[in-house]
Amino acid sequence: MAADRDSAILTADDVTVRFATPEGVITAVEDVSFAVEPGEFLSIIGPSGCGKSTLFNVIGGLLTSHQGTVRVAGEIISGPHPSIGMVFQEESTFPWRTVSDNVAFPLELVGMPKRKRIERARRFIAMVGLAGFENRYPGELSGGMRQRVALARTLASEPKILLMDEPFAALDEQTRLLLGDKVLQIQQQLRQTTLLITHNITEAVQMSDRILVMTYRPGRVKRIVDINLPRPRDSEIVGSEAFGRYVAQIWNDLREEASRGMRDAETHALDHEAPP
Amino acid sequence: MSDRLSRSRLAPAAAGLAAVGLGLAAAEIMIRADWINRFIVPPPSEVARGISRIVLEEHIGHRFLLTAGECLAAGLMITVLGVAAGVLIHRFRLLRQATETWIAAWAAAPVVLAYPLFMVIFGRNAWTIIMIGFVAALPPVILKTIEGLSTTRKVLVDVGRSFNLTGTQQFWKILFPAALPTIFVGVRLGLIFALINIVGVEFLINSGGLGQLINDLAERYDLAGTYAAIFFVVLVSVAFFMTLERIERWLRPID
Amino acid sequence: MAATDRLTANARHEPHAASVTLLRAAMILALLALWEFLSHTGWFYRDVVPSLLAIGRAVLALLSRENYYYNLGVTAGEVAAALAIGGGTGLVVGLVLGSNRFLARAFEPYLYYLGPTPKIIFFPVMIMWFGVDSPSKVALGSLSCFFPVALSVAAGMRQIDTVLIRVGRSFRASALQMVTKIYLPAMRHPIMNGVRLGLGVALIGTLLAETKLSNKGIGFLIINAYSTFDMPRMYANLIVLFVLAIGANSLIGRLGGAATAARR
């Protein structure tokens, strides 16, 4: 079931991004178009080099030199939009602030009074499962806990759209699974529109309503897959045949693109006798 | 376009130079127009003339050699004694634990403020100057020597042990060569400390080479000459610093 | 010399805190004993090496006279002003240079190469511009501490983890909010270091200027003791000064370190 443009909360139309490099112009993404429904969980998946992070920066408004438009609730964005909350891949908590102060950061920026901020922050800290850690510093927490703080911080700004760039990439498998469950739980609870950029197929199939598969550079939309699996996606569903078929289908698409990427890297290395 | 500007090496350097040039030109104009009192700030053109005057009339060569000699003396002392002390302290763990923080405090202490004391002990002459340079510049050499010796990568030490090197061989063939780059950094820091203190004290006690030049001209109320002398000494100090950097960079590949 | 055997052996027995203290005490005692010995041999002219007792009495005399605290106040005020002016300007310039690559390449080399030069030689100019009283000392102190602060801040800005800047931008923080809530806190180490260095050189600059030409302040007291050949008083002044200077230095270092310890 494709998204209906009129009801879509986020639309991308023919987004194209080109970069000038010492080796010429590179097209990172080309003619990417899609629409996201309110409350939907959409994953964008692709091999390395498909421009996923570029797309993340475009949608988040941190990259404005592109062709095509991105609209949030009909409005064309020209910078970071208040309705979009970003969660970055790297460590992004402020090491000099406590967990509570980190989460309250967006509230501080808009001038919310202190008592209200702390109370609001507490809610989101509990939502990510870190109740009790309000007065600790990120340095005292594990990597997974720090990512949860970053997530809580973005959620505290109550964005209409949550935009995440491989937030679990730096974590070990178990933590990743637990956090994935947590994010799903929150998304269902808040009916949060979520865009997840990832390279992990299982994660994408488990969490998403739809998956956008991208080609290798220049990144185009190869296929949009509707995931018609019931929620909650518990271990029974994950182990089911239908699940496996989705994963296999997407893996087929990705394998083709990933091997193109590898061949590209190999020829590049041979040309330059050095890794690109 | 601004991206390309910031990437070129020439454009920023030219901009910086242009800014300095403009500043001097503006100063020249404002002083000649009497917006700035020319008896407090002489016009840059006069200062420039003052420079050539200094070079020709003020025995600049002699002064330069004097200051250089003082620096050389202090430099030799800090290198020999500093490295030796560093090696010794590194060798004995207990000694290192006891003294390293003291030496760090010494490095941060305003040693030069005790120059009147040195004057009492050594007199108002070059020895005071050399000794102050020595005492102020010794700690960084010691600290960097210790640092260099203690941060040798373990794998290199293991290589030595795998060849059954004796203690002495281990020190001379592995530890010391591995520590040399850091030791050079220490010597460079020490030399800079030494120069700054030496020229400063020459000025303060009015004895010696380049530092005294400024004092002489200031006491003669030779305005342009004083500015010129200061400019000249700053130039020498900058040149010294740059030379040290070049030398260190040239020596680097050896490690 | 069984250096490496010792190395591995020592790795196994770390020297006791007690033996370190013992060694330190022994070293201090030996130094003091040597001093006292030298002061009584008469090898040095008159009071060049006064007895420890004389020095001790001079320190007490110094600290018990109101006049000392007046002079201390004068110097402290000058140093504080120098740090505020020179450090403040340095902070602003550092922020500008750290954030703009072009300006940094154009102007930072000047700061970098002019930094390690003796600033006291500028004193005659300061006197011409600001007179013979405190302002000229403050001016020299400011000139001294401008450079290390500006360079530390500029370097600190370039070391900020870029993801933190992106977080700020993703929340659409205003420029002022970016500076106060992200740039400055992220740079607290380089800033603390710069302030520590700045304080050190401001102190030196101000005090040296006082020794050259002044009628108040700690520098004046020192040079005054020299000209009257009151050696115990000179030692007393120097000892108190160095204790204060080293104390201030480690205090700032501790403040910066405590801030980080909490966050580790």
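Predicted model: local features only at pLDDT ≥ 70, side-chain atom pairs only at ≥ 80, totals over all residues.

In what order do the four strands of the open sheet in chain A come, and is the pairing parallel or antiparallel?

Modeller: The open sheet in chain A has four strands, ordered E2-E1-E4-E5, and they pair in the antiparallel sense. Strand E2 (24-36) and strand E5 (75-76) of chain A are the edge strands; each has a single partner strand, so one side of each has no neighbour in the sheet. As background, strands of a sheet pair through backbone hydrogen bonds, either parallel or antiparallel.

Let's start at the E2 end. E1(A) and E2(A) are antiparallel and share nine bridges. They make a hairpin, with two residues between them. If you want a pair to click on, take Ala12(A), whose bridge partner in E2(A) is Phe34(A). At the other end, strand E4 (residues 67-72) of chain A is joined to E5(A) by two bridges, again running antiparallel. There, Val72(A) has Glu75(A) in E5(A) as its bridge partner. A helix sits on this sheet too: helix H1 (residues 52-59) of chain A packs on it and touches strand E1 (10-21), E2 and E4 of chain A. The direction of that helix makes about 60 degrees with that of E2(A).

Staying in chain A, two peptide bonds deserve a look. The bond from Arg217(A) to Pro218(A) is cis, with omega near -5 degrees, and Pro218(A) is in the loop between strand E9 (210-214) and strand E10 (221-226) of chain A. The bond from Arg231(A) to Pro232(A) is cis as well, with omega near -5 degrees. Pro232(A) is in the loop that runs between E10 and helix H8 (235-238) of chain A.

Now for how chain A meets the other chains. Chains A and B have no contact, and their closest C-alpha atoms are 11 Å apart. With chain C there is an interface: 18 residues of chain A are in contact with 15 residues of chain C. On the chain A side, helix H3 (residues 105-109) of chain A gives the largest share, three residues. By class, that side has twelve nonpolar, four polar and two charged residues.

Two pairs of chains are in contact, and chains B and C share the most contacts. Here 48 residues of chain B are in contact with 48 residues of chain C. Several helices of chain B each supply at least two residues to that side, among them helix H2 (10-32), helix H9 (167-205) and helix H11 (223-251). H9(B) makes the largest contribution, with ten residues.

For a local view, centre on Val103(A): leaving aside neighbours within four places in sequence, its contacts are Ala121(A), Phe124(A), Ile125(A), Val149(A), Ala152(A), Arg153(A) and Ala156(A).

Further along chain B there's a helix pair. The axes of H10(B) and H11(B) come within 8 Å and cross at roughly 170 degrees. An angle over 145 degrees counts as roughly antiparallel, so H10(B) is roughly antiparallel to H11(B). H10(B) brings Leu210(B), Leu213(B), Ile214(B), Leu217(B) and Ala218(B) to the contact, while H11(B) brings Gly225(B), Thr226(B), Ala229(B), Ile230(B), Val233(B) and Val236(B). That makes nine nonpolar, two polar and no charged residues.

Last, two backbone spots with positive phi. Asn206(B) has phi near 55 degrees, positive although the residue is not glycine. It lies in the loop between H9 and H10 of chain B. Asn206(B) has 16 other C-beta atoms within 10 Å, so it counts as partly exposed. In chain C, Phe229(C) has phi near 50 degrees, also a positive value in a residue other than glycine. Phe229(C) is in the loop between helix H11 (218-227) and helix H12 (231-263) of chain C, and is partly exposed, with 13 other C-beta atoms within 10 Å.

Methods:
Residues numbered from 1 in each chain as written. Chains lettered and ligands numbered in written order. Pairing = 2+ DSSP bridges. Contact = placed C-beta atoms within 7 Å. Axes fitted to C-alpha atoms, helices over the stretch in contact; angles between N-to-C directions. Nonpolar A, V, L, I, M, F, W, Y, C, P; charged D, E, K, R; others polar. Parallel < 35°, antiparallel > 145°, perpendicular 65-115°, else oblique. Buried ≥ 20, exposed ≤ 12 C-beta atoms within 10 Å, placed from the backbone.
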